[in-house]
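The sequence and the model are shown first.

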Amino acid sequence: MPRNRQDVDRDAKIAEIREAAVGLLRAGGYPALSHSAVAKELGLARTAVAWYFASKDDLFAAALADIYAADLGTPPADGDVMVRLRWAVERLTALQPLTHALHERARHSPAAAELEAALQNSLCTRLRALLAPHVAADRLDRVTTTVVVFVEGLLVQPRTTPDRLGLLEFLVTELIGTPGRS
């Protein structure tokens with residue numbers, strides 16, 4: 001059944017609001033995001049933004065989902081485990097202030113909690129698939145969890161890029177040996 005004009009306008013308006021929210025998040029993080037800031041950016045009334053996103057956290061979760069999809073959606077085609085892990089860690093490092101805000105908001109917001117759970121599930125599923133050719137099946141879940149916990153800790157510590165990546169390589173080498181192509 002074809003969509004009516006009202007549905008198309010609604011979808012376009014939601015996409016426009018999300019795009020503006022993404023820009024605000026990238027520029028100033030969670031504190032920069034508000035219904036008023038998005039409305040100002042788009043030349044709308046604040047209530048127009050609230051019509052589509054009832055709370056700041058609903059808007060935050062929608063925009064952050066778009067950021068994660070853009071920044072983490074397409075890993076390198078190279079099947080080398082370390083190439084792909086380095087790529088992911090560097091992107092997660094850049095996203096850390098937003099991810100930290102997500103963790104904080106997930107305690108209070110169903111929308112943020114849902115995004116946090118979906119992100120964790122997606123990243124763990126992708127990591128498990130990347131590691132599977134290199135790890136015995138009976139160890140795969142434990143190794144995957146170890147890498148996730150390690151990376152989460154690594155991301156909150158102030159480390160240089162070479163140090164961060166060197167520690168990651170050390171851990172992966174200890175867990176799976178010399179990583180190669182999958």
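The secondary structure of the protein comes to eight helices and zero strands, where helices (H or I, at least four residues) and strands (E, at least two) are DSSP runs numbered from the N terminus. This is a predicted model, in which local features need pLDDT of at least 70 and side-chain atom pairs count only at pLDDT 80 or more, while totals for chains, interfaces and linings use all residues. Residues are numbered from 1 along each chain as its sequence is written, and side-chain values use heavy atoms, with hydrogens and water left out.

**Overall fold**

- The order of elements from the N terminus is α-α-α-α-α-α-α-α.
- The C-alpha trace spans about 55 × 45 × 30 Å along its principal axes.
- Of the 182 residues, 37% are buried (under 20% relative accessible area; exposed is over 50% and partly exposed in between, with a 1.4 Å probe and protein chains only).
- Among contacts (heavy atoms within 4.5 Å) with a separation of 6 or more, 64% join residues 24 or more positions apart.

**Helix 5 (81-106)**

- D80 caps the N-terminal end of helix 5, with a side-chain oxygen 3.0 Å from the backbone nitrogen of M82.

**Helix 7 (137-156)**

- Helix 7 has 20 residues and reaches 30 Å from first to last C-alpha, close to the expected 28 Å.
- Its buried residues include L140, V143, V147, V151 and L155.
- The buried residues of helix 7 fall within an arc of 140° seen down the axis, so they line one face of the helix; the arc is taken over directions from the helix axis to the C-beta atoms.
- D138, R142, V149 and V156 are exposed on the other side.
- Helix 5, helix 6 (110-131) and helix 8 (161-176) are among what covers the buried residues.

**Nonpolar core**

- The largest nonpolar core has 53 residues, of which V38 and L131 touch the most other members; such a core is a set of buried Ala, Val, Leu, Ile, Met, Phe, Trp, Tyr and Cys residues joined through side-chain atoms within 4.5 Å.
- Helix 5 gives the most to this core, with 10 residues.
- Leaving out residues up to four places away in sequence, V38 touches I17, A20, A21, L24, L33, V49 and L59.

How values were computed. Expected span 1.5 Å × (residues − 1). Polar contact = N/O pair within 3.5 Å; in protein donor to acceptor, adjacent residues only side chain to side chain.
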